[in-house]
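Trainee: Here is the model I would like to go through. Can we take the strands, then the helices?

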Amino acid sequence: METEMIFIRKTDIMPFSCEPSVSCFTECCHDLDQVLTPYDVLRLKNALNLPSGEFLARYTIRFTGPETGLPMVSLKPVAEKQFACPFLSENGCTVYEDRPASCRTYPLIRMAAKSRQTGRITVQYALIREPHCKGWMDGGKGMPLAEWIEQQGLNTYEEMNDRVLSLIEAVNRLKPKSLTPAMRDLIFTAIYDLDTFRSRQALIEELALPEESVSEEVLLKAAIQWAADQI
């Protein structure tokens, strides 16, 4: 069996379930090359009760996106454990309630594009069926995709991750101009190192947000837009 890509609508049945009873359970948590979104970082650092800077230093690798030139981060795998996720235990995921969006969506791919003319975001979904994965159910079993997305807690992740499209759009408008290292550092702090960003009084005042009472989700939305406006 070869890897298949199958387009799917929200009303279609999602024929997939990943449970401890599945023979390949947690195998996809090894040989890790997992990019984190800004919202992933926010959820994980709070789950671990760590400042964002400490979380990033301890658990992530920073790199530059080859297509956009934007700063990005990926999870730092544990080399001596078959490059496993650092949050994987013998009993499964230790941060399951706050697991990254890519863990929640697999084997679903969500492709979002923002119109430059209208600002409207269009979405397509597809399934990637790989030979090694045993979570597939045949014979019409499963649940509607819309219900599965709700079950996986993806709606908030999708809404937050779509905010990054404005940042990508800003970069694309300036090509072939590349981002300077200083600009990359500024964007990195704004969208990933939120605790450090919050501590910079002048930036918070520029956003016109109350320094202490604003929620981290609201601050992250504002920080992503602020970063886009700086480009």
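Mentor: Start with pairing: two strands pair if DSSP finds at least two bridges between them. Strands (E, at least two residues) and helices (H or I, at least four) are DSSP runs, numbered from the N terminus. This is a predicted model: local features need pLDDT of at least 70, side-chain atom pairs count only at pLDDT 80 or more, and totals for chains, interfaces and linings use all residues. Residues are numbered from 1 along each chain as its sequence is written, and side-chain values use heavy atoms, with hydrogens and water left out.

Trainee: What is the bridge partner of Ile8 in S9?

Mentor: Strand S9 covers residues 121–129. Five bridges join S1 to S9, and the two run antiparallel. The partner of Ile8 in S9 is Tyr125.

Trainee: In what order do the three strands of the open sheet lie?

Mentor: S1 (4–8) and S8 (108–114) are the edge strands, each with a single partner, so one side of each has no neighbour in the sheet. Pairing is antiparallel, and the order is S1-S9-S8.

Trainee: Which residue in the turn of the S8 and S9 hairpin has a positive phi?

Mentor: Seven bridges join S8 to S9. Lys114 stands opposite Ile121 in S9. Six residues lie between the two strands, and the one with a positive phi, about 80 degrees, is Gly119.

Trainee: How many residues of the contact of H7 with H10 are charged?

Mentor: Contact means heavy atoms within 4.5 Å. Met183, Leu186, Ile187, Ala190 and Ile191 in H7 meet Leu220, Ala223, Ile224, Trp226, Ala227 and Gln230 in H10. Ala, Val, Leu, Ile, Met, Phe, Trp, Tyr, Cys and Pro count as nonpolar, Asp, Glu, Lys and Arg as charged, and the others, Gly among them, as polar. The contact of H7 with H10 has ten nonpolar residues, one polar and no charged.

Trainee: How far apart are the axes of H1 and H10?

Mentor: H1 spans residues 38–47 and H10 spans residues 216–230. They pack at about 150 degrees, with an axis separation of 11 Å.

Note on methods. Axes are lines fitted to C-alpha atoms, for helices over the stretch in contact, and angles run from 0 to 180 degrees between N-to-C directions.
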